Amino acid sequence: MKSRKKSSDTSLQNNVRSYSRLTDYDIHLFKAGKHYKLYEKLGSHVVEPDGDRTGTYFAVWAPNARQVSVIGNFNGWNRDAHYLNPRWDSSGIWEGFIPDIGVGEVYKYFIRSSSGEELEKSDPYALRWELPPHTASIVWDTWYEWTDEEWMQSRFERNGLKKPWSVYEVHLGSWMRSPDSPEEFLGYRLVADKLVPYIKEMGFTHIEFMPLMEHPYYPSWGYQVTGYFAASSRYGTPQDLMYLIEQLHNNNIGIILDWVPSHFPGDMHGLFRFDGSHLYEHSNEKEGFHPDWKSYIFNYGRNEVRSFLISNALFWIDRYHVDGLRVDAVASMLYRDYSRKEGEWIPNEFGGRENLEAISFLKELNVAVYGQFPDVQTIAEESTAFSGVSKPVFTGGLGFGMKWMMGWMNDTLKYFSQDPIHRRYFHGDITFSTVYAFTENFMLPLSHDEVVHGKKSLIYKMPGDEWQKFANLRLLYTYMFTHPGTKLIFMGGEFGQTNEWNFEQSLDWHLLQFKPHQGIKEVVKELNSLYRSEGALYEKNFEWEGFRWIESGDAENSVLVYSRKGEIAEEKLVIVLNLTPVPRYNYRVGLPYHGDWQVIFNSDEEKYYGSGFDLNYAITTQQVPWQGREQSAVLHLPPLSGLILKRFNRNAKFW
């Protein structure tokens, strides 16, 4: 790369041609906050405007600027060489065409504000950035010859809310690294060769990537975004990421991206005080500064900012073929007093705590996403009791497809951390989720946030000796996969990672040489297989009709019994959980249908590192009314186990 020493040569001055990709209608939409494809207009674009000379068109929004120029290697970082032209329509956009600049050129914008302040800023719409710690933008494109037509054409069917969603959450920089070079990342293409077959083997339906947008500070895990339109250069080029996505699609795996419209960092090359004014953020820190993350909150009431964010959401779906966006920190967006004490926040116009501009923005976002891409899903990470997060906008909801069920996660982990001898006193924690399970379209997360900062790994949240820890985790997964709602497991949890997640190193894959960890992995594989094949476990995930308690009150024995139903009522499943290490002999269970039943899953099998408790007996209903059912059967329940029962159908081919 050439030196960045600034040049005083003025021979190139004003070598910027007048040219625009923006129409009057574009400007109208931009000012109104309704332009949802700004990535086609703003930023840097290699063009051939006269048909004879290729160059790059630059366009940037900086309404408070007195001067804007493009600086880079091509002009020796000379601030006075290439001034952009201000548009005449009061849009605040500066633009121009510079010939003989193409893909790969490194650049920034030099901005002199109306107050005389001098700033060097990266391009908010750049498609690629330099490898951190460098911060310049790079002229690039998103051209790619996709081969995932089969997936894209059938995505509406595969991605529906009545389909199974089992999500594997991944931090790309620490999922796996080469044993020979543990300090180096596996790039998008290299990781594809290992990640794609692994997810396919495990049976997950989707992968969720923690943010892959460019971020300067690696320990932020990607949640402090500066390059909203750029795939992180740590792992390769935009086309390399497209290759990874394409390989996932070609193996029938959907892609969810974490997306962060809630805040951005204060790095001086980024969005903060972009043109010397508070352009993207609020000027008052009571509205615009995040006390938790020391970052800045987008001004959702500013139309141009709304266009920027909605365009960015659609960009990843359009150009990268992603199948869903998990929207981060929605709770922090909804309330003006989030993490603030009295006197540290400004009420809305009605004196309330709700952020009306953010609520309006989220509704508009979801209308735009589903309006243009009805075959994708948006998922809210939202931890409060805000009503209607996953309800349609036309009914007053926010319009998300799904919402993380944070209450389920907290209550479940609290319950499972108790010594089984005390679980009878916490029985309400494990049953409470079904009180509100169908108020939203819930996703059950066991996410990265639960295995960092001293919270311990999932396996070490479990009580007891080694055998009991693994039995408890197998039981927890059985409960999760049979509970209403879609599923999400953070990487490492699927094989019982013992250490907390460390973003600086690979997962502890060597643990898979040990039988207890092999057993956890096999349980997750089998549960994924059952979840995908048994309609009762997913077809009515968000409907009361799909779930019935059979026994929810047996706190003394810490036993739960419930049924799940799909579109075919006769194919109900019955789930029996024994949440203590004490075997329960002759435990009578009410069953929904007469006949012979079979255990189709048992988390206590020896192949899972279970006890191998003998279940080799016939399960035939008797005319003994029990637990509100006309018929029942006697079961022997293995210790710390989950059983899934299905009625034996002699006429069905799969029996």
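Trainee: Taking two strands as paired if DSSP finds at least two bridges between them, which residue in S14 is the bridge partner of Ile207?

Mentor: In S14, that partner is Ile255. Before continuing, note that this is a predicted model, in which local features need pLDDT of at least 70 and side-chain atom pairs count only at pLDDT 80 or more, whereas totals for chains, interfaces and linings use all residues. Residues are numbered from 1 along each chain as its sequence is written, and side-chain values use heavy atoms, with hydrogens and water left out.

Trainee: What do the strand and helix labels refer to?

Mentor: They are DSSP runs numbered from the N terminus: helices are H or I with at least four residues, and strands are E with at least two.

Trainee: Which strands make up the closed barrel?

Mentor: The barrel has eight strands in the order S10-S11-S14-S17-S18-S19-S20-S21, with parallel pairing. From one strand to the next, the twist averages 25 degrees; angles run from 0 to 180 degrees between N-to-C directions, and axes are lines fitted to C-alpha atoms, for helices over the stretch in contact.

Trainee: How many bridges join S10 to S11?

Mentor: Four bridges join S10 (residues 166-170) to S11 (residues 206-209), and Tyr168 stands opposite Ile207. S11 is in turn joined to S14 by four bridges. S14 and S17 also pair in the parallel sense over four bridges, with Gly324 in S17 as the bridge partner of Ile256.

Trainee: And S14 itself, is it mostly covered or mostly open?

Mentor: S14 is mostly covered, as six of its six residues are buried; buried means under 20% relative accessible area, exposed over 50%, and partly exposed in between, for a 1.4 Å probe and protein chains only. Gly254, Ile256 and Asp258 point one way, while Ile255, Leu257 and Trp259 point the other way.

Trainee: Which strands does H7 touch?

Mentor: H7 touches S14 (254-259) and S17 (324-327), and its direction makes about 155 degrees with that of S14. H9 lies across S14 and S18 (377-380), at about 155 degrees to S18.

Trainee: At what angle do H7 and H9 pack?

Mentor: H7 and H9 (residues 356-372) pack at about 35 degrees, with their axes 10 Å apart. The contact, meaning heavy atoms within 4.5 Å, includes Leu309, Ala313 and Ile317 of H7 and Phe361, Leu365 and Val369 of H9.

Trainee: Switching topic, how many residues are in the largest nonpolar core?

Mentor: That core has 191 residues, and those with the most contacts inside it are Tyr168, Trp175, Phe209 and Tyr280. A nonpolar core is a set of buried Ala, Val, Leu, Ile, Met, Phe, Trp, Tyr and Cys residues joined through side-chain atoms within 4.5 Å. Helix H7 (residues 303-320) supplies the largest share, ten residues. A second, separate core of 17 residues includes Phe613, Leu615, Leu635 and Leu645.

Trainee: What is Phe209 in contact with?

Mentor: Leaving aside neighbours within four places in sequence, the partners of Phe209 include Val170, Leu195, Leu248, Ile256 and Asp258.

Trainee: Now the open sheet. What is the order of its six strands?

Mentor: The order is S22-S23-S24-S29-S26-S27, and the pairing is antiparallel. S22 (547-554) and S27 (619-620) stand at the edges with a single partner strand each, so one side of each is left without a neighbour in the sheet.

Trainee: How many bridges join S26 to S27?

Mentor: Two bridges join S26 (residues 596-602) to S27, and Asp596 stands opposite Thr620 there. Helix H14 (residues 466-482) packs on this sheet, touching S23, S24, S26 and S29, at about 150 degrees to S24. Helix H15 (residues 515-533) lies across S26 and S29, running at about 135 degrees to S26.

Trainee: How does Asn252 count by accessibility?

Mentor: Asn252 counts as partly exposed, at 43% relative accessibility.

Definitions and conventions:
Pairing = 2+ DSSP bridges.
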